[in-house]
Amino acid sequence: SRTAAVIPAAGRGVRLGPGAPKALRALSGTPMLVHAVRAMAASRAVSLVVVVAPPDGAAEVRNLLDAHPLADRDSTRTDVVVVPGGATRQESVRLGLAALPADVTAVLVHDAARPLVPVDTVDAVAAAVREGAPAVVPALPLADTVKQVEPRTGERAGEPEPVVGTPERALLRAVQTPQGFDRAVLVEAHEKVAVEGEGATDDAGLVERLGVQVVVVPGHEEAFKVTRPLDLVLAEAVLARRRA
Ligand code: C5P
């Protein structure tokens with residue numbers, strides 16, 4: 001029985017501004033995806049990484065990974081496989097799961113867009129799954145209060161949006177990745193649960209809809225998602241601090 005990591009990296013990164021697919025953009029000179037693969041391979045629990053590339057970019061991603069070898073870790077090698085992704089994150093994860101060999105029993109799903117997750121967080125998620133939890137997510141309390149609104153779209157886009165509620169902040173968590181799963185549970189969730197529109201933004205959400213208990217372990221500030229231009233500034237600063 002082995003633990004594998006699936007890294008969806010097929011997003012275009014529209015919110016980051018114009019340019020290459022998000023995962024291929026550089027952080028301190030190294031593509032974000034390479035940082036993310038190294039973060040997974042740094043965990044001794046992970047023996048295989050499946051990277052889900054943009055649908056037309058699998059060859060480019062393969063070349064990129066071959067040009068940026070993983071740092072040695074106890075001289076044990078982590079295999080890295082590349083498969084083409086889909087139109088939504090959910091579809092990309094499903095395609096990554098389909099590429100897993102039979103002996104993989106636990107899966108970590110990790111956003112390429114969270115390149116700086118510390119290995120301790122990866123290890124904690126993997127350990128909780130190996131100890132029997134079917135679904136584990138790293139998460140942090142929120143700094144901001146969150147409002148639910150009635151979105152204004154179409155002709156009314158841009159109008160002030162009415163607030164319909166304020167969930168109690170102390171009960172909320174911002175979830176990160178890697179999210180860890182029993183393989184069979186995650187595969188069943190992706191087969192059975194359909195989500196309209198953009199699809200599921202998080203794998204644990206699919207598992208919840210199956211009625212399987214998901215649990216939270218502490219996340220880490222450095223596991224933040226690189227989404228907007230300011231996040232690139234923060235990521236570069238974290239890398240500079242690590243090198244200091
Ligand atoms: O868009 P978002 O920030 O939620 O994307 C999270 C992760 O899902 C990113 O690593 C992105 O590359 C990936 N993704 C994907 N396939 C898509 C859309 C997003 O693999 N079609």
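**View 1. Ser28, an exposed residue in a predicted model.** Ser28 counts as exposed because 12 C-beta neighbours lie inside 10 Å. You will find Ser28 in the loop between strand S2 (26-27) and strand S3 (30-31). Helices (H or I, at least four residues) and strands (E, at least two) are DSSP runs, numbered from the N terminus. Ser28 has a positive phi of about 50° although it is not a glycine. Most residues other than glycine have a negative phi.

This is a predicted model, where local features need pLDDT of at least 70 and side-chain atom pairs count only at pLDDT 80 or more, while totals for chains, interfaces and linings use all residues. Residues are numbered from 1 along each chain as its sequence is written. The protein averages a pLDDT of 94, and 98% of the residues score at least 70; pLDDT is the predictor's confidence in each residue, from 0 to 100. The model scores ipTM 0.93 and pTM 0.95.

**View 2. The cis peptide bond at Pro178.** Look at the loop between strand S10 (173-175) and strand S11 (179-182), where Pro178 is found. The peptide bond that runs from Thr177 to Pro178 is cis, with omega near 10°. Most peptide bonds are trans.

**View 3. Val52 and its neighbours.** Val52 belongs to strand S4 (residues 46-53). Why does Val52 count as buried? Val52 counts as buried because it has 31 C-beta neighbours inside 10 Å. Two residues are in contact if their C-beta atoms, placed from the backbone, lie within 7 Å.

**View 4. Val104 beside Arg2.** Val104 sits in strand S6 (residues 104-109). With 18 other C-beta atoms within 10 Å, Val104 is partly exposed. How far apart in space are Val104 and Arg2? They are 102 residues apart in sequence, yet 4.6 Å apart in space, C-alpha to C-alpha. Not counting residues up to four places away in sequence, Val104 touches Arg2, Ala4, Leu48 and Arg183.

**View 5. Helices H5 and H6 crossing.** Two packed helices are described by the angle between their axes and the distance between the axes. Helix H5 (residues 183-192) and helix H6 (residues 203-210) pack at about 85°, with axes 9 Å apart. H5 and H6 are therefore roughly perpendicular to each other. Angles of 65 to 115 degrees count as roughly perpendicular, under 35 as roughly parallel, over 145 as roughly antiparallel and the rest as oblique. Axes are lines fitted to C-alpha atoms, for helices over the stretch in contact, and angles run from 0 to 180 degrees between N-to-C directions. Among the residues that meet are Val185 and Leu186 in H5, and Leu206 and Val207 in H6.

**View 6. The shell around the ligand.** Which residues are closest to the ligand? Of the 19 residues that surround the ligand, the closest are Pro8, Ala10, Gly11, Ser92 and Ala112. A residue is near a molecule if its C-beta atom, placed from the backbone, lies within 6 Å of it.

Key:
A residue is buried if 20 or more other C-beta atoms lie within 10 Å of its own, exposed if 12 or fewer, and partly exposed in between; C-beta atoms are placed from the backbone.
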